Amino acid sequence: MSVAPEIAILAEASLLIPVQPTPAGTPAARPTLGTLARHLRILAASPERWSGRVRFDPDRSVRIEIEDQPEYTAWLVVLPPAHAGQQSAGRDCDCDVATVIAGEATEGAPGGAVLRPGSTRVHGQRHRLRGHGAGYSISLHARAVPPALSK
């Protein structure tokens, strides 16, 4: 299986630090933003864990659950390209951290900053993502699960 250049770059740049197990009976603490960003880097660098689940829909965005752990949940968002002369409708998102894996997206109002593969965004509030450019965009998102809701 060949890997897209953007994914290969992310894989090379990732620090694959193993997750430290929580001792049995210890309540799971809410992960820090740095820990969530590390989980995203590991997931982005492991396309075999999610690439076969990506779906493209030309009419709407697609959210694909990837991980549902006691401390966090992670998912992909696939945004279709904007139609000629139109902005992509986009999708509301409530993640804590996100990274673009392929393509480009904008955040917030139309004409907002363009997000490209490789960097991690930290969010403190609900935001809106829109596809940008001629192709689909794929982004990876994670949100901490509050300890009271942990399994």
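**Exercise 1. Decide whether R128 is buried, partly exposed or exposed, then find its salt-bridge partner.**

Solution. R128 has a relative accessible area of 25%, so it is partly exposed. The structure is a predicted model. Next, the partner: R128 forms a salt bridge with D92. Their closest N and O atoms are 2.9 Å apart. Now place the two residues. R128 sits in strand 8, and D92 in strand 3, residues 91-93. The pair links distant parts of the chain, 36 residues apart. Last, D92 is partly exposed, at 41%.

**Exercise 2. Locate the salt bridge of R126 with D94 and state which parts of the chain the pair ties together.**

Solution. Start with the distance: the closest N and O atoms of R126 and D94 are 3.8 Å apart. R126 lies in the loop between strand 7 (120-122) and strand 8, while D94 lies in the loop between strand 3 and strand 4 (97-102), so the pair ties together parts 32 residues apart in sequence. Then compare accessibility with the limits. R126 is at 57%, so it counts as exposed. D94 has 30% and is therefore partly exposed. Finally, widen the view: D94, R126 and R143 are linked in a network of salt bridges.

**Exercise 3. Characterise the salt bridge of R116 with E104.**

Solution. The closest N and O atoms of this pair are 2.8 Å apart. R116 is in the loop between strand 6 (114-115) and strand 7. E104 belongs to strand 5, residues 104-107. R116 is partly exposed at 47% relative accessibility. E104, at 23%, also counts as partly exposed. How many salt bridges does a search of the whole structure find? It finds nine.

**Exercise 4. Classify the ring pair of F56 and Y136.**

Solution. By the pairing rule, the count comes to one aromatic pair. The ring centres of F56 and Y136 are 4.9 Å apart. Their planes stand at 70 degrees, so the pair is edge-to-face; the class needs an angle over 60. F56 is in the loop between helix 2 (33-44) and strand 1 (62-68). Y136 is in the loop between strand 8 (127-132) and strand 9 (137-144). The pair links parts 80 residues apart. F56 is partly exposed, at 49%. Y136 is partly exposed, at 28%.

**Exercise 5. Find which residue lies over the face of W75.**

Solution. R63 lies there, at 3.9 Å from the ring centre of W75. The distance cut-off is 6 Å.

Definitions and conventions
Residues are numbered from 1 along each chain as its sequence is written. This is a predicted model: local features need pLDDT of at least 70, side-chain atom pairs count only at pLDDT 80 or more; totals for chains, interfaces and linings use all residues. Side-chain values use heavy atoms; hydrogens and water are left out. Rings of Phe, Tyr and Trp (its six-membered ring) pair if their centres lie within 6.5 Å; planes under 30 degrees apart count as stacked, over 60 as edge-to-face and the rest as tilted. Helices (H or I, at least four residues) and strands (E, at least two) are DSSP runs, numbered from the N terminus. Buried means under 20% relative accessible area, exposed over 50%, partly exposed in between (1.4 Å probe, protein chains only). A charge sits over a ring if NZ of Lys or CZ of Arg is within 6 Å of the ring centre and within 35 degrees of the ring normal. A salt bridge is a side-chain nitrogen of Lys or Arg within 4 Å of a carboxyl oxygen of Asp or Glu.
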